[in-house]
Amino acid sequence: MKLFLKIMLLITLSISTLFGRWGWGSHRFINDAAVDFLPEAMSFFQDHRDYLSSHSTDPDTDDLPGYYHYIDIDYYPEFFAGTLPHQWQDMVDLYGQSVMEDNGVIPWIIEWWLADLTTLMENGSWNDVWQTAAELGHYVADSHQAMHLTLNYNGQLTGNYGIHSRYETQMINPHLDTIVFSDSVALYWESPIDSIFSYIDAIFPSVDLVLAADDRAGNVDSNHGSTYYAMMWEDLADTTIWSLERASVDVASLWYTAWINAGSPYPPGLSVDSPQTPTNFQLSAFPNPFNAQASIQFQLLEPGNLDLNIYDTRGKLIKSVASHAVRPGAHTLYWDGSDQHGNRAHSGVYLVELVIGDRRSIQKLTLIK
């Protein structure tokens with residue numbers, strides 16, 4: 001019965017996209033933005049921006065199972081304990097495939113679509129590349145929407161019934177044209193499935209934020225009119241914009257990872273003189289804006305000595321976060337918004353500077369209180 005109700009909800013949401021809901025709004029927005037987060041070597045994706053955007057909604061109208069679009073991550077106690085297996089077969093051995101399907105399988109759908117995209121690029125099947133890339137973007141976007149990650153997906157367990165559509169559709173669509181993302185760049189993911197679960201872990205706490213905002217706004221405007229949505233946006237704008245931006249960067253990172261793993265091929269008629277493998281580190285920071293703590297991520301292909309510093313926009317050093325040797329691979333450091341003396345920095349825009357050897361990268365990062 002639970003699976004039936006979930007499938008019916010997903011069908012309803014898919015039909016509703018005909019009227020400009022999440023599927024036709026945010027999905028297109030995310031795939032479109034993802035193109036701009038790709039490295040310059042993949043600029044040929046720009047020529048297919050419209051296709052990647054318009055076909056981002058195709059998974060909402062195909063015949064594939066509804067449980068491809070979500071995961072009830074809070075069904076699994078191991079998630080909260082930090083011991084949830086990430087590999088498909090390990091999960092099947094622990095819970096069985098039917099239980100997994102009942103609770104959604106989106107992390108592995110993303111992993112499988114990534115593998116398909118890599119193979120298509122390797123084989124030079126570029127017409128199919130664009131379709132698969134667009135669909136991959138859809139599933140990544142779904143997994144960045146907090147209500148796709150919980151048993152309480154429509155607020156039915158807490159008296160918030162209907163929140164799914166109110167949050168992802170009616171609240172956000174009027175604001176899509178005004179959202180501007182910060183500068184960032186796609187990262188190569190050594191272990192895509194681990195990276196997928198990492199961002200799910202970061203996004204899941206937003207479930208409580210959405211429900212709390214719904215309670216607050218609903219107590220003032222129980223008819224869910226303009227006052228309700230104004231209050232919802234006031235409470236959830238930063239969280240929602242961060243989720244959309246992270247989704248766009250993560251879509252780009254998966255496209256980039258597929259391309260690198262495929263040997264960095266180019267469509268017929270294109271060629272480049274520069275190396276077709278990543279030769280520099282790439283810096284990103286999430287969430288952005290942030291309040292409590294920002295994760296600063298970068299990827300290295302060779303060892304080096306790093307210095308990570310935070311500056312204000314006038315060039316004043318706010319904090320030296322790290323200075324030490326690092327090995328090749330993916331790395332994450334953290335800034336808690338404090339200055340050199342342990343005092344809380346003021347709200348505003350800061351510059352994260354990462355220096356490794358003679359190479360330097362800067363990322364804007366906004367601190368809010």
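**Notebook: burial and cores**

I looked up burial first: of the 369 residues of the protein, 56% count as buried, where buried means under 20% relative accessible area with a 1.4 Å probe and protein chains only. This is a predicted model, in which local features need pLDDT of at least 70, side-chain atom pairs count only at pLDDT 80 or more, and totals for chains, interfaces and linings use all residues. Residues are numbered from 1 along each chain as its sequence is written, and side-chain values use heavy atoms, with hydrogens and water left out.

Of its 91 residues, F45, I73, W108, I110, M121 and W255 touch the most other members. Helix α12 (226-261) is among the helices that each supply at least two residues, and the largest share, 20 residues, comes from α12. I noted that another core, of 22 residues, lies apart from it, with L306, V326, V352 and I356 among them.

Last, I followed T118, which lies in helix α7 (residues 106-123), helices being DSSP runs of H or I with at least four residues, numbered from the N terminus. T118 is buried, with a relative accessible area of 11%, and its side chain reaches the backbone oxygen of L114 at 2.9 Å. Leaving aside neighbours within four places in sequence, I found T118 in contact (heavy atoms within 4.5 Å) with A258, N261 and A262.

Definitions and conventions. Buried < 20%, exposed > 50% of the residue type's maximum accessible area, 1.4 Å probe, protein only. Polar contact = N/O pair within 3.5 Å; in protein donor to acceptor, adjacent residues only side chain to side chain. Core = buried A, V, L, I, M, F, W, Y, C linked by side-chain atoms within 4.5 Å.
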